[in-house]
Amino acid sequence: MKVPPLSERPVTEEDEQDFLASPSRRKKCSLADRRAALRPWAIGVGLTVLVAVAAVGAYTLGASIGSWNDRPSTAATPTVHPAPMPSASSEPAMSGGYEIGPDGILVRPAEFAADTYTKPELPEEAKENTERGAEAAAEHYLALLIYSWNTGDTQPLADMSDPSSNFAKNHIANTQEMYTNGWSFGNSVTVQEVLRLEAVSSQDGTIPPNTVGVRFRVSANNGTRCKGQSIIVDDSEHSSTITLFMTWKDNRWTEVQGSATDHDDE
């Protein structure tokens, strides 16, 4: 249907009355009518915006879910970086110039390992039941004492000691305690001179028969000792006096008593 232009529309009596009404009334009616007419449109626009926002939100959520399923993001699956494996160039944990081992004890330098020390062999002279044999046996005993301190192997020393010797028991106990969580190397003893060499009387049975007393003046070096992660280095030479009572028993010399003191305290 064709709508005629405003100039051609017939003017009814009601239209004319409305037109002739007061301006204020016409304005009020006009505003009210406008608001009434615009209200459905505004609601429609609002709904349209909400639908659009909801659609965008739904699309975004759908896209995000799709991205999680198809290609997990860093938020969905955190990237886990494994701890780097030690490489040849990695610097080991150190303390005092020594590497710390997995047990928490400083690693003993390979060039001073226990297996670099050779077990002393009993000289032929030490197999003779003579004063010279007792002297040679006493020197060999000192060598076993130093060997045990540098290696932790106290069995050879124990084999040449009488079970009643407190000197041997104390030394063996100290060595084993040190090697529980440490080590030692570089210890040495050099005999400077024989101060005394003679047979010892039984002294009311406290000394076994066939015993020879040997007293040495020695130069000793304590070397390097480790206890856990503590290092003690003592490369200075100490002059000491060591006395050993050697008893001929079962066709061999056995240490039964001993003592060691600083030379100045003799």
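These legends describe close-up views of a predicted model. Local features need pLDDT of at least 70, side-chain atom pairs count only at pLDDT 80 or more, and totals for chains, interfaces and linings use all residues. Residues are numbered from 1 along each chain as its sequence is written, and side-chain values use heavy atoms, without hydrogens and water.

**View 1. The largest nonpolar core.** This core has 24 residues; Y141, L244, M246 and W253 touch the most other members. A nonpolar core joins buried Ala, Val, Leu, Ile, Met, Phe, Trp, Tyr and Cys residues through side-chain atoms within 4.5 Å. Buried means under 20% relative accessible area (1.4 Å probe, protein chains only). Two or more residues come from each of α3 (131–151), α5 (166–178), β5 (211–227) and β6 (230–249). α3 gives the most, 9 residues. Helices (H or I, at least four residues) and strands (E, at least two) are DSSP runs, numbered from the N terminus.

**View 2. Surroundings of M246.** Beyond four places in sequence, M246 touches residues including A134, A137, A138, M160 and W253. Contact means heavy atoms within 4.5 Å.

**View 3. T154 in its loop.** T154 lies between α3 and α4 (155–159). T154 counts as buried because its relative accessibility is 8%. Leaving aside neighbours within four places in sequence, T154 contacts S148, I172, T175 and Q176.

Key:
Buried means under 20% relative accessible area, exposed over 50%, partly exposed in between (1.4 Å probe, protein chains only).
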